[in-house]
Structure formats: structure tokens, C-alpha cells
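Here are my notes for you to read with the model open on your screen.

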Amino acid sequence: MQTSLQIPVNLYILLSAVLFSIGVFGVLLRRNAIIIFMCVELMLNAVNLLLVAFSTYLGDADGQVFVFFIMAVAAAEVAVGLAILAMIYRNTGSVDIEVLNKLKN
Amino acid sequence: MTVYLFYLLSFIAIISALMVVISKNPVYSVLFLIMTFFAIAGHYVLLNAQFLAAVHVIVYAGAIMVLFLYVIMMMNFNKEAEPSKTVFSQIIATIAGGILLITLVGAIRIYDIEFAISTNATSIGLISNLGKVLFSKFLLPFEISSLLFLAAMTGVVLLGKNNTHS
């Protein structure tokens, strides 16, 4: 498995940048709140991939431990966020973020 | 050989990430997101982080995505009611995302990043090594994350409870 380190770390940075940009693009493009959640997950995963790549290249386990914490926080965030969305859907019948501007006043 | 594997996994990850964004049906978005997560798990295996790959598949593809699918199927969407932005906003969103990508790529292209590959790089992804670091150096954050889970669990139960007075 030593051969996998022959891949330059620049390629991993490039891949993470592309995945992160796709996540930002999705957040800007869609109006369905669930898809926006999924795009946030995509961004978190791009950062996770970068952390693991640097951790492997530096021979330091701290990055991989941080990925654990990011996964834990992401799981908690998804649980709470989907509960809030289910609540909103039960009360308004929609998850369109453009009709969710009732919090303004 | 591993370089080809890297390109294949990257291709799958990027294409299915794009399909998450542009597919109209939310159920297809979830399925493509699962595909992206499996491709990223393959990248973890390629980076000698085997335990993290297993945890990634279990947590994301097994738990979080089931939660997403459950919520989506509870909310019966149809394709006609799917909200979409105006063409002007879509063009603006595409330009903004593209400019972000160009900025990131341009910022990393001017640096020629070279790391010395550590000799113990093949063994740090194993569970014994990760457990040692997690329970010695990161013991306090580990305990705090358990508190975070307790708070999240309580909050979800309170939110999901059917309040009868409304």
C-alpha cells in the first residue's frame, strides 16, 4: 500500500476544492432545504478528504482524529436540522426556503 | 496503477456530486450522494486510512443517508411541486460557484506543495494507533462530543414531539 503515496498531494487539494465548490454551487442554486443540507454535507466531506490527505502525507494521526469529530458534529447537525425541517413541513406544508422568510418580522 | 484508481474515484465523486446538485428528484439526489460517499471512502482506503473508510461508510451511507431518505419519503414531493429558482438566479449561482472554484484553484496552483512522506504513514490509519491518540491527546474533546450528542438527542425528541395545543 506504500504505492498510494506516489499520488501528489496537489491532486487531493484540487479534488477537495472541486467538491467544495460543487457544494457551494448547490447551496446557491437550489431552493429545496433538504438538498441544501446535502450540499453542506458535501462541503464537510471535501474538508474531511483534505484532512485525511494531509494527515497521511505528514504521518500525523491528528488529522484523522479531527475527521472523527467533524463526523460527530455533522451527524448531530443533520439530526437536529432534519427534525426542524420536519416540524416546518408539518406546519407550513413546504420546505421551500423562499417561503420560509416568516422569521423576518 | 493507483494513479488510475485515483482518477477513476475522483471522476465518480465529481460526477455524482454534480448530479446531487442538478437532479430534480430529491430521492435521486440522496442516491447520488451515497455514491459520492462511497467514492470518498475509496479515497480513504487509497490514503491508508482504512478504519476511517469503514467509519465513513457506516456513519454517512448507513446512518445519515437513511435519515435523509426517511425524511424525504415522509414528505411526499412530486416533480411539479419541486421549487426552482429563476433563470437569472441560476446563472448568478453558476457564475459565483465557478468564480469560487477558479479562486481556490488559482490560489493553490502558485504553491508547489511537497511533503516528506513519513515512514509510519502506512500504520497511522489503523484503529490501534487512532485509538491511542483519541484517548490520550483528544480525551477532553471526545467527552465534550458525547455531551453534544446528548444535547442533540434531547433537542430532536423535543422538536419531534407532537405538541397538541397547536
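1. Let's start with one residue: Ile34(B) sits in helix H2 of chain B. Keep in mind throughout that this is a predicted model. Is Ile34(B) buried or exposed? Its relative accessibility is 16%, and buried means under 20%, so Ile34(B) counts as buried. Setting aside neighbours within four places in sequence, Ile34(B) is in contact with Ala61(B) and Met65(B). Gly106(B) is another matter: 72 residues separate it from Ile34(B) in sequence, and the C-alpha to C-alpha distance is 30 Å.

2. Next, have a look at Asn48(B), which you'll find in the loop between helix H2 (26-46) and H3 of chain B. Its phi is near 65°, a positive value in a residue that isn't glycine. For background, most residues other than glycine have a negative phi. Asn48(B) also counts as buried, because its relative accessibility is 1%.

3. For the complex, the predictor gives an ipTM of 0.90 and a pTM of 0.89.

4. Now zoom out to chain B as a whole. How many helices and strands does chain B have? Six helices and zero strands, and along the sequence the pattern reads α-α-α-α-α-α. The radius of gyration of chain B is 21 Å, whereas a compact globule of 166 residues would come out near 15 Å. Along the principal axes, the C-alpha atoms of chain B fill a box of roughly 60 × 40 × 30 Å.

5. Of its 166 residues, 32% are buried. Among the contacts in chain B with a separation of 6 or more, 56% are between residues 24 or more positions apart.

6. On to the pockets. The largest pocket has a volume of about 280 Å³ and a lining of 14 residues. H3(A) gives the most, with seven residues. By class, the lining of the largest pocket has twelve nonpolar residues, one polar and one charged.

7. The second largest pocket holds about 230 Å³ of space. Its lining has 15 residues, and Phe68(A), Phe69(A), Ala72(A), Leu134(B) and Phe142(B) are the closest to its centre. H3 of chain A supplies at least two lining residues here, as do H3, helix H5 (127-136) and H6 of chain B. Which helix has the largest share of this lining? H3(A), with five residues. The class count for the second largest pocket is 13 nonpolar, two polar and no charged residues.

Technical notes
Residues numbered from 1 in each chain as written. Chains lettered and ligands numbered in written order. Predicted model: local features only at pLDDT ≥ 70, side-chain atom pairs only at ≥ 80, totals over all residues. Heavy atoms only, no water. 1 Å grid on protein atoms, 1.4 Å probe; cavity = no way out; pocket = protein on both sides within 12 Å on 5 of 7 lines; lining within 4 Å. Points joined across faces, edges and corners; volume = space filled by probe spheres on them. Helix = DSSP H or I, 4+ residues; strand = E, 2+ residues; numbered from the N terminus. Nonpolar A, V, L, I, M, F, W, Y, C, P; charged D, E, K, R; others polar. Rg over C-alpha atoms; globule rule 2.2 N^0.38 Å. Buried < 20%, exposed > 50% of the residue type's maximum accessible area, 1.4 Å probe, protein only. Contact = heavy atoms within 4.5 Å.
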